[in-house]
Amino acid sequence: MRQLRTVLALTAAALFTLAGVAVPTSASATTTADPTPPKKLFTIKDDRIKDPSGLAKSQKHDDLYWTANATTDGVRVFGLDTTGRLKVELGFKAQVQDIEAVGVDRDGTIYIADIGDNKVNRDMIEIYTIPEPATLKDSDSVKYHRFDFTYPDGPHDAETLLVEPGTNQLYIVTKSTKGTGAIYAAPPAPSRQGTNELSKLAPAPSGVITDGTFLPDGQRVVLRTTVDVATVAWGDTPTAIARTAVAFGQGESVAVGPTDTTVLVGTEGTNSAVYQVQIPAKAAAATPPAASATPKPASSADANSETGKNHNLRWILIGAALFALIITIVTFPPGRRERLDRMAENARLTGQTPRTPHRRSHS
């Protein structure tokens with residue numbers, strides 16, 4: 001009996017162990033790849049570009065970017081290739097106060113935004129337009145147009161001009177060192193006759209915003225601040241959805257990059273360095289790791305069948321283990337059957353009446 005109890009107890013333990021092993025387990029791990037580090041694309045070293053303000057990708061010429069000097073003695077716009085080499089210089093005679101941004105629309109019109117106002121006392125700001133040239137030939141007498149604008153709520157300092165790709169709609173993002181700036185929209189078809197009043201669209205995302213650009217999809221904007229780059233979901237309430245710190249120089253400009261996933265960012269002052277950086281993006285939701293390669297991937301039906309088999313096996317083993325344990329405990333309680341057998345045998349040999357077993361009382 002004792003040996004049988006031992007065997008059954010060991011069997012129960014083994015079945016419980018097997019039941020635990022039979023329960024399938026899975027684990028998932030999320031791996032976040034490090035973002036691609038910034039790549040220094042070029043440095044603006046040409047002596048004619050002393051204080052570049054703004055940066056915009058050409059629509060008519062591959063690998064060409066437009067920038068302009070912040071100047072008051074006439075406007076000069078420079079075309080640079082992706083090595084920083086000056087390819088073309090365009091000039092026109094206009095009295096400006098503080099050029100802070102450059103943009104290019106889908107039709108190849110270059111916008112030069114005279115919108116800086118450090119003292120916040122300008123009654124009017126101006127945006128000039130010139131056509132992108134068909135050939136990269138220097139000119140100092142380019143024909144231009146001038147558009148005048150006023151804010152609906154008084155003067156503001158600004159360094160950011162946005163040109164929406166699908167409509168050529170213009171937006172200005174004001175700069176604030178206290179609190180946040182705001183986004184203002186120009187009339188859909190601004191006039192060169194008289195003054196165009198801007199309309200306030202929404203508060204700007206946080207940060208001291210120094211430049212911005214629409215991405216080609218027209219659904220996102222990238223804003224440059226003095227310390228980072230932010231991706232903004234465009235709409236009635238533009239919202240920053242991702243940011244990346246940019247730790248080189250004071251941020252001055254941003255433009256669409258040479259690839260769909262990058263932008264170019266520039267720094268302030270002479271010898272301005274221009275870097276190619278990844279567009280900040282939301283972290284992707286965790287996904288299950290890919291299954292390792294096998295000669296014949298299992299179909300969904302096979303997977304369901306295997307899961308069902310594991311489930312059934314688990315409960316069969318658990319049931320068997322419980323049955324063995326119950327038999328061990330109830331049917332063969334330790335020592336009781338052996339004591340009864342010995343008492344009966346002694347009574348037979350001595351001719352005495354067997355005693356009824358009872359529990360020992362405790363005082």
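## A first look

V120 is partly exposed, with a relative accessible area of 41%; here buried means under 20% relative accessible area, exposed means over 50%, and partly exposed lies in between (1.4 Å probe, protein chains only). This is a predicted model, in which local features need pLDDT of at least 70 and side-chain atom pairs count only at pLDDT 80 or more, while totals for chains, interfaces and linings use all residues. Residues are numbered from 1 along each chain as its sequence is written, and side-chain values use heavy atoms, with hydrogens and water left out.

- V120 sits in the loop between β7 and β8; helices (H or I, at least four residues) and strands (E, at least two) are DSSP runs, numbered from the N terminus.
- The phi of V120 is near 50°, a positive value in a residue other than glycine.
- Most residues other than glycine have a negative phi.
- N168 also has a positive phi, about 65°, although it is not a glycine.
- You will find N168 in the loop between β10 (158–163) and β11, and N168 is buried, with a relative accessible area of 14%.

**Nonpolar cores**

- The largest nonpolar core has 19 residues; such a core is a set of buried Ala, Val, Leu, Ile, Met, Phe, Trp, Tyr and Cys residues joined through side-chain atoms within 4.5 Å.
- At least two residues of this core come from each of β3 (64–69), β4 (75–81), β5 (86–92), β6 (99–104), β7 (109–114) and β8 (125–131).
- The residues with the most contacts inside this core are W66, V75, V77, F92, I110, I112 and I130.
- Leaving aside neighbours within four places in sequence, I110 is in contact (heavy atoms within 4.5 Å) with W66, V102, G103, V104, Y128, T129, I130 and E132.
- There is also a second, separate core of 18 residues, which includes Y111, I115, L170 and I172.

**Around T174**

- T174 belongs to strand β11 (residues 170–174) and is buried, with a relative accessible area of 4%.
- Beyond its neighbours within four places in sequence, T174 is in contact with residues including Y151, H156, D157 and A158.
- G181, A182 and Y184 are also among the contacts of T174.
- The side chain of T174 reaches the backbone nitrogen of A182 at 2.8 Å.
- T174 and V208 are 34 residues apart along the chain, and their C-alpha atoms are separated by 8.9 Å.

**Aromatic pairs**

- The count comes to eight aromatic pairs; rings of Phe, Tyr and Trp (its six-membered ring) pair if their centres lie within 6.5 Å, with planes under 30 degrees apart counted as stacked, over 60 as edge-to-face and the rest as tilted.
- The rings of Y171 and W234 have centres 5.1 Å apart and planes at 75°, so this pair is edge-to-face.
- Y171 lies in strand β11 and W234 in the loop between β17 (228–233) and β18 (239–245), so the pair links distant parts of the chain, 63 residues apart.
- Both Y171 and W234 are buried.
- One aromatic cluster is formed by F92, Y128 and Y144.

**Strand pairing**

- β8 and strand β9 (residues 145–150) run antiparallel and are joined by five bridges; two strands pair if DSSP finds at least two bridges between them.
- I125 stands opposite F149 in β9.
- Strand β13 (residues 195–197) pairs with β9 in the parallel sense, over three bridges.
- The bridge partner of D148 in β13 is T195.

**Salt bridges**

- The whole structure holds 10 salt bridges, each a side-chain nitrogen of Lys or Arg within 4 Å of a carboxyl oxygen of Asp or Glu.
- R122 meets D114 in one of them (3.2 Å, N to O), and both residues are buried.
- R122 also forms a salt bridge with E126, with the closest N and O atoms 2.9 Å apart; E126 is buried too.
- D228 in strand β17 and R243 in strand β18 are 15 residues apart, and their side chains meet in a salt bridge (3.1 Å, N to O).
- At 12% relative accessibility D228 counts as buried, whereas R243 is partly exposed at 37%.
- Salt bridges that share partners join D114, R122, E126, R146 and D148 into one network.

Conventions
Polar contact = N/O pair within 3.5 Å; in protein donor to acceptor, adjacent residues only side chain to side chain.
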